[in-house]
Amino acid sequence: MDLDLTDAQRLAADTFRAFADKEVAPRAAEIDRTDEFPRDLYRRLADLGLLGMTLPAEYGGAGADTLTWTLCQEEIARASASVAHAQLLCTILSELILKEGSEALRRRWLPIMARGEAICVIAQTEPGGGSDVAGLQTTAQATADGWVLNGTKRFITAATVCDLAVVVATTDRSLGREGIAMFLVEPGTPGFHRGGKDHVMGLHGVGTGELVFDDCRIPRTALLGSERGGFKRAMESLNIGRVGIAAQALGVAQAALDAALAYAKTRVAFGRPIAELQAIQFMLADMSTDIEAARLLVYQAARLKDLGESFAIHASKAKLFASEAAHRTCHKAIQIHGGYGYSKEFPVERYMRDAKLTEIGEGTSEIQRIIISRDLLQSAAKSMG
C-alpha cells in the first residue's frame, strides 16, 4: 500500500503543526493544571474548520479524508492531547449522526456542531460496565409517543460541558446485545442531568464526568437507526475513534521524543552532554523506531478507510501498538530527564499521564488483542476449509 502523503496532505500537516505550535502548545500546561475545558480553543478549532473537517460540505464540513484528519489529530496531540481529544469527540459523533440520524437530525445538529456551538457526547460507559458494553444497565422503555430513559453513565468525555448526547441503552434486556439501541437526547430535555466530575489521572480539561437519565422522556424521532442492532453500530463507531486515539498516541510519543532529544543535548553529566552516552542513545533509538512503526500502522488504517475497504482490524492494531509505543516512549523520556522528568517543571510527566488514556479509551489494549486474535483465528479456520 502506498502510504506516501500527497502534496495537499503535507501542506495540511504543516498548517496543523503551525497552529498547534502557535496557539495550542502555549496553553497545554495551563489546561492540564486548571482542568478546565478550553472553550476558546474549541471555538478556534471551529473557526479553522477542524471540528467538522470530515463532514460533507452540505452539513457544514470540509469533506476532508480520514488520513488528513489523522494528521490533524497527530499534530494537535503533539501540543495537547486534551485539545486533540475534544476534536476527536466531535468527529466521532458527527460521523455517527451522519450515518445513523434522520435527515432532519443531520440538518439540525451537524452544522452547529461543526461551528462549535453544540458539544455532543456519546453516553456509553457505565459505572459497572467498562469494556462490557453489552452488559449496560441503562434502559429505554417504549411509550405511546416515544421513549423513557433511565440510567447513569460514567467517564463520559465532555459530560460536564455537553449540550447533546448519543445515549446507548437497552430496549429489551432479554435480547442481549440485539436489544440495544441509540438515542439522541437534546439539551433541555427533562430528566437529562449532568452528574459529578471525574478527577482523572491525565487528559485534563476535557470535562470527563457523569450523565444521569432520570425518567428522561424523548420523542420517537430521537431514535438513531433501528431499535435492534445498536450494539453493533455503536461498536462500528469505535473504529474511527480507534484511529483517532492511535493518532493521539503518536502525537504524544513524538512530543516525548522531541523533549528527550532537546534535554539530552543540553544536559551535561560526567563532563559531557548525556546525548553522548550510549545508554541514552539506545533509548532514543528505541523511541524513534517505535514511533515510525506506529505511524505506518496509523496511516495505513486511515488510508484503508478512505479507500472504502475494511479497516476495523487495522484500526485495532494501530491503536494497540501506537498506545503501547507511546507508553514506552514516555517512560524513556522520563528516564532521560531523570528527576526533572518526575517534576511538573517539564512536560514529559504530562505526556506520560496523557498517554495512559490511549491504552484504555475506545477499548483497552486487552480488548484490542481479543479482536485481533479472534480475527486471526477465524481467518485461519477459513483457510483450512
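**Exercise 1. Classify an aromatic pair.**
The structure holds five aromatic pairs. One of them joins Tyr 340 and Phe 346. Which class does this pair belong to: stacked, edge-to-face or tilted?

*Solution.* 
- The model is predicted: local features need pLDDT of at least 70, side-chain atom pairs need 80 or more, and totals for chains, interfaces and linings use all residues. Residues are numbered from 1 along each chain as its sequence is written, and side-chain values use heavy atoms, without hydrogens and water.
- Rings of Phe, Tyr and Trp (its six-membered ring) pair if their centres lie within 6.5 Å; planes under 30 degrees apart are stacked, over 60 edge-to-face, the rest tilted.
- The centres of Tyr 340 and Phe 346 are 5.3 Å apart, with 55° between the planes.
- The pair is tilted.

**Exercise 2. Find charges over rings.**
Which residue lies over the face of Trp 147?

*Solution.* 
- The test: NZ of Lys or CZ of Arg within 6 Å of the ring centre and within 35 degrees of the ring normal.
- Arg 220 lies over Trp 147, at 4.6 Å from the ring centre.
- Arg 328 lies over the face of Phe 321, at 5.5 Å from the ring centre.
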